[in-house]
Amino acid sequence: MTRIFMNMLPDGSKQDDVYRAGDVSVVVNLDRSLRVADSYSFFLYTSKLALMDMAVTGSETDNPVERFGRSLRLTLRCRGVWLPGDYFLLMRSGGDRVQRFDLQLAPDGIFRITGQRLCASFSAEDMLSGRLCHQRAVWLRLSNRPGARQLKAWAMRRAMENELNTRREERVEAMTLCSNLLVSCRSELWRSFVAVELKHTAQMSGDLTTVDCATLFDPTRPDAYERLHALFSEADDRDTSLFDRAMHQPGRQVYAFYHIGALLDASGKNIMSAVMRQWPGGAHTAIFMGTQQEVDELLNQYPSLKSCFPPENRLAEEPYTRDEMVQLFFSEAGKARLMLSAEAREHVCRMLTDAYDRGLIAHWTMDDMHQYVRAQLLPAYLNGALQRVHDATLTDDLHLTTAADIDAAPMAGQRSGFDEAMEQLNAMVGLSGLKESLATLASRMRFYAERRQMGLRTHDGTTFHALFTGNPGTGKTTVARLLGRVYHSLGLLSKGEVVCVDRQRMIGQFIGETEQNMKAILQEARGNVLFVDEAYTLYNPGDERDYGRHALEALLDVLARPNPDMLIIFAGYEREMNQLMQANPGLRGRFPYLFRFPDYTAEELTLIACRLLKDEDYEFTDGARQLLEQGIGEMVARRTDRFANARWASQLVHNGIVPAMADRVERQPHTLQRSSYQQVEEADVAEALSRFNSKTIEIRQRRTIGFCA
C-alpha cells in the first residue's frame, strides 16, 4: 500500500501563527521498487479545486521528484498562503493510475492524512491530473481564479467529453460539442484572460480572436463599420466562410467578444446582425463576456441567441469566498513584487478574514483588491522602507513588507462603505426631507441586496434612476457621489464613481459626432453614476434638427434596460426639467425617483461657511461671527433665482474672508503668534461681504433650452 508523509518546512512563522507560506516536503513510500521507466505526477488541490502546485518526474520546468529505492521525494511550493482546511493530493502514474490522498491542514501547520483511494477512469480526479493539465500554466491560473466555480465545473465536464470523443474516434466519428459561452463578469481584471483560459483548458482548436465590440462602430470614419468589415474580411482570408464551410470542422476559430454593452444600442444592432450572419450554426466558437446585466439584455434583445448557448454554457463570476479573497490578496501583492514578513502575513490574513466575516469586503472584486494593493499597500511599503533607510535601520529584510505597512482601515474599518456614505449624507447641512427619502431608498436597496445574498427570491426591479431638481450649489453633485458609493457597497453598481457631463460634452457639431460622444460617455459611465447637469438643454421642441435629441435617444436606450449597471441622474431647474419630461411619453416613467433640493436658509449658509473655516483651523472673534450671520442674512433676503447657495458660501470664505485676513496680517509687523494666523476679525468679514454680494457669485444665465449646436 502506498503511504505518504507531508511536512511543512520552516518559513519564519512563530509557533502560534495560523497562516504560513513555507514549502511542503512530501515523501511517498511505494509498495514496490521503482523502475527507470516509471513516471509519476503529483497535484495538490484545495477542496475548492484550486491547484496549489504540481511536480512531475523527469521534468526540468516543474518541481523535481527525487527517487530513493521505493520512495519518491518532492517539494510543493506555496503560491499564496496555506489556509487551514481540506486539501487532496493526486498521484498519477505513467499507466494513468490515479490515487487520491485526502488531507487536512490544522491551524498548527501539520498535514494529517484523512483518507486514501484509487480513482476510476473518467473521474474528476482523472481529469484534474490528466487532460485539464495539458496546458498546465493555463489551468493553474483558471483553477486559482476567484469566483470561478462555474468555470471550473464546466471545464471539468468538457474535459470528460473531450476524453470520450478521443476514445470514440477509434470507431466512430467524433461528436460536435457546443463550446459557445456566455460569461458574466463583475470585474474587468477577471475577464481579461478568461477567454484564453477557457479556450486552452477546454482544448478548443483554432486561433483565438478577441473582439472589442466598442470599436466596431466609429461614426467619425467614412465607413462607420470599417473595423467590423475588416474583422470578417480577415476571417474570410483564413476560411472563405465562417458558416457554411465550417459545418463539419469544429473549432476552426474562437471569437471572444467583450464590451458587449456596445451591442445593445442602435449601432450595435447592425453589428450584431453582421455577427449573426457569419457565425451561428457553424462550428466556430463564440464567447461573449460582459456584466450580468449586459448578458441578460443581450438575450432579451436577440432571443435567437438562446439556442446557441445551452444553459450549461452560461457561466458567471460568483462572489468570492473568504479563502479566495485571502489568496487574491497575495496574488495581487505578488504582481506588485511585494513580499510579506511572517508577522505581516499573519496580520493581513487575520484582517482579511475578519473584514470578510463582517461583510465589509464580501462584495469586493479583483479590481477592488488590485486597487487596495496598488493605492494603499504599495505606497505604505515604500514610505516605510524609505523611513527605515533614513533612520539608518537598514537590514537584510528591507525588501519585506512589515505589519506596520498594512493599513486595515480601507477594508476592516468600523463601518462599511454603506454606513460611511450614509453618515456623510447625514452630516450635510440642511436637506432634512431629502435625507429621509434617500435613507429610505438606500435601506430598501440594502434589504434587497441582503435577501439576494441569502438566496431568497427578490423581484425588486433594480431601476433606480433619479431626477434632481433645484438651484445650483444645493448639493446635487455631492449627493450623487454618495449615492454612487451606497449602490456600489450594495453590489448594484460595479464601480460607483460619478461621471459628470453636460450638453457641451455630449453634443457634437457635425453629423455622427454626438453619437460618438455618447458612445464614449456611456462606456465610461458603465458601472458608475452618470450625472447629466442641466439636462433640460438637450430638448428643444421647436427645432427638429437639434442634435440634443440624439443624446436623449442614446440615454433612453440605457434607461429602458432593467439592470443597466448604471445610475443615470438628470439634474436642473424644476420648471425646465418638467418641460424636458414632455420630450418623450415614456421618459418620465424611466425616473422612478424625484428629489428636490431646496435653497439653503441663511442659518444653513452660515453653518456651511463656519464649517469650512473650522476645517482649516480658523477661528472667529465674537464680533466677526455676528457680522457674518448678519451679512449672510441680508444676502439671502436679496438673492435671485440664480444665487449659487453653498457655492457662494465657499467663494465667500476662500476668495473673500481668507484673502482679506491674509492682507491684514501681512500689513502688520510680523509676529510668530499662532493666534494671528487663526483669528478671523470683523474687518475680514466686512471686506469679504463688500466684495461678494448676492449677485457676485451666481451661475451664468440659463441656457435657452435645446439651442442648436
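Visitor: How many residues in the lining of the largest cavity are nonpolar, polar and charged, by class?

Guide: The lining has 3 nonpolar, 3 polar and 5 charged residues. Here Ala, Val, Leu, Ile, Met, Phe, Trp, Tyr, Cys and Pro count as nonpolar, Asp, Glu, Lys and Arg as charged, and the others, Gly among them, as polar. Keep in mind that this is a predicted model: local features need pLDDT of at least 70, side-chain atom pairs count only at pLDDT 80 or more, and totals for chains, interfaces and linings use all residues. Residues are numbered from 1 along each chain as its sequence is written, and side-chain values use heavy atoms, with hydrogens and water left out.

Visitor: How is a cavity found?

Guide: Rolling a probe the size of a water molecule over the atoms shows where empty space is left. On a 1 Å grid over the protein atoms alone, a cavity is a set of points where a 1.4 Å probe fits but cannot get out, and lining residues have an atom within 4 Å of a point. Grid points are joined across faces, edges and corners, and a volume is the space filled by probe spheres set on the points. The whole structure has 3 cavities of 30 Å³ or more, and the largest has a volume of about 70 Å³. Its lining includes Leu264, Arg526 and Asp565.

Visitor: Which residues have the most contacts inside the largest nonpolar core?

Guide: A nonpolar core is a set of buried Ala, Val, Leu, Ile, Met, Phe, Trp, Tyr and Cys residues joined through side-chain atoms within 4.5 Å. Buried means under 20% relative accessible area, exposed over 50%, partly exposed in between (1.4 Å probe, protein chains only). In the largest core, of 91 residues, Trp82 and Phe329 have the most contacts. Helix α11, residues 366-390, gives the most to this core, with 7 residues. Helices (H or I, at least four residues) are DSSP runs, numbered from the N terminus. Apart from this core lies another, of 57 residues, Met428 and Val658 among them.

Visitor: Where is Met369 found?

Guide: Met369 is in helix α11, and it is buried, at 0% relative accessible area. Leaving aside neighbours within four places in sequence, its contacts (heavy atoms within 4.5 Å) include Leu328 and Phe329.

Visitor: How many disulfides are there?

Guide: A disulfide is a pair of cysteine sulfur atoms within 2.5 Å, and the count here is 0. For Cys78, the closest cysteine sulfur, in Cys349, is 9.6 Å away, too far for a bond.

Note on methods
On a 1 Å grid over the protein atoms alone, a cavity is a set of points where a 1.4 Å probe fits but cannot get out, and a pocket is an open set with protein on both sides within 12 Å along at least five of seven lines; lining residues have an atom within 4 Å of a point. Helices (H or I, at least four residues) and strands (E, at least two) are DSSP runs, numbered from the N terminus.
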